[in-house]
Every structure is written in structure tokens, then in C-alpha cells.
Amino acid sequence: MNINQIQQEIIDEFSIYDDWMDKYAYIIEQGNELAPLDEKYKTPDNLIKGCQSRVWLQTDYIDEKLHLQAESDAVIVKGLLALVLRVFNKRTPDEILAADLRFMKEIGLTEHLSPTRSNGLLSVIKQIRFYAMAYKAKSNLGEE
């Protein structure tokens, strides 16, 4: 599945809930299914700046794709991370950089998250895109 198909799948999953409390419960459920991050990756270098809660993002570049792992000490944030990783994990830098992340707006996240959570989520996405740009540049240098 490509990024747009995964986003549509997330939108469809959220469309069955009318109530935001149910949507929050679903987000928490998604976070509970997220694999725990190995303690060795919970370093200051992997902490995302701009998040109110602590969020760690581990990125590896394997077979020209970004392999993402993340964790947070806040349950809602962990669920949001699970959704973002579902969209971006094991994607090429070009796929990540070209992606129009519409699922957050379409499921109503943008108007239902607190400003600090929204800023934190955007910080995570910016960091993933930063890694995508860095790996793309590194790959391009290797081709010359």
C-alpha cells in the first residue's frame, strides 16, 4: 500500500466513530499496539524538541527506506505516533517528502488536539522529513 492508501485506511477507520471520546479511545488503542522502543534508543539525541511529553524517535536507513521506531510517555501521544509511523515507516525519502499528510485534518485531529499536542505532532513529522532529506542527500552524494 502506498502512503495515500494508508491514509485513506486510517480515515475510514476513524469514520465509524461519531464521538471524539471514542476516537481518543481508538488512538490510545493504536498506541498500546505500538512496539516498545528499546531502552538504548531513549537518548537525548532521539528526544523530539517541541513536544510537551517526552517523545523518542529512532530512525534507521535500511535498503533505501526509513525504518522508524518511536515511543512516548503519554498515552495519546503514543497513539498519534502509531498513526504517523503507520504512514511513514519503511518508506523511501522521496515518498516521505512528497506525502501530503491529509489524514490528520480529515479525521479531525487538527481541531481536537490541544495546541501543545499539535505542535509536538508537527515536530515529530518535521523530524521525520528532516531525516528523509538527510538520507536523500547522503544517497545522492554516494551516486556521484
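**Salt bridges, core and hairpin**

Glu 95 counts as partly exposed, because its relative accessibility is 31% (buried means under 20% relative accessible area, exposed over 50%, partly exposed in between, with a 1.4 Å probe and protein chains only). The model is predicted, so local features need pLDDT of at least 70 and side-chain atom pairs count only at pLDDT 80 or more, while totals for chains, interfaces and linings use all residues. Residues are numbered from 1 along each chain as its sequence is written, and side-chain values use heavy atoms, with hydrogens and water left out.

Glu 95 forms a salt bridge with Arg 91, with 3.5 Å between the closest N and O atoms (a salt bridge is a side-chain nitrogen of Lys or Arg within 4 Å of a carboxyl oxygen of Asp or Glu). The structure holds 8 salt bridges. Another of them joins the side chains of Arg 102 and Glu 106, at 3.2 Å from N to O. Here Arg 102 is partly exposed at 22% relative accessible area, and Glu 106 is also partly exposed, at 47%.

A further salt bridge links Arg 86 and Glu 9, 2.9 Å from N to O. Arg 86 belongs to helix H3 and Glu 9 to helix H1, so this pair ties together parts that lie 77 residues apart in sequence (helices, H or I of at least four residues, and strands, E of at least two, are DSSP runs numbered from the N terminus). Arg 86 is partly exposed at 23% relative accessibility, as is Glu 9 at 30%. Glu 13 joins these two residues in a network of salt bridges.

The axes of H1 and H3 come within 8 Å and cross at roughly 145° (axes are lines fitted to C-alpha atoms, for helices over the stretch in contact, and angles run from 0 to 180 degrees between N-to-C directions). On the H1 side, the contact includes Ile 6, Glu 9, Ile 10, Glu 13 and Phe 14; on the H3 side, Leu 83, Arg 86, Val 87 and Phe 88 take part (contact means heavy atoms within 4.5 Å). By class, the contact has 7 nonpolar, 1 polar and 3 charged residues.

Next comes the core. The largest nonpolar core has 43 residues, and those with the most contacts inside it include Ile 10, Ile 27, Val 87 and Leu 109 (such a core is a set of buried Ala, Val, Leu, Ile, Met, Phe, Trp, Tyr and Cys residues joined through side-chain atoms within 4.5 Å). At least two core residues come from each of several elements, among them H1 (3-15), H2 (20-32), S1 (55-62), S2 (65-72) and H7 (115-143). H3 gives the largest share, 10 residues. Beyond residues up to four places away in sequence, Ile 27 touches Phe 14, Trp 20, Ile 76, Gly 79, Leu 80, Leu 83 and Leu 109.

Strands S1 and S2 pair in the antiparallel sense over 8 bridges (two strands pair if DSSP finds at least two bridges between them). Trp 56 stands opposite Glu 71 in S2. The hairpin has 2 residues between its strands, and Asp 63 takes a positive phi near 50°. Thr 59 is found in S1 and counts as buried, at 8% relative accessibility. Apart from neighbours within four places in sequence, Thr 59 is in contact with Leu 66, His 67, Leu 68, Tyr 131 and Tyr 135.

Notes
Nonpolar A, V, L, I, M, F, W, Y, C, P; charged D, E, K, R; others polar.
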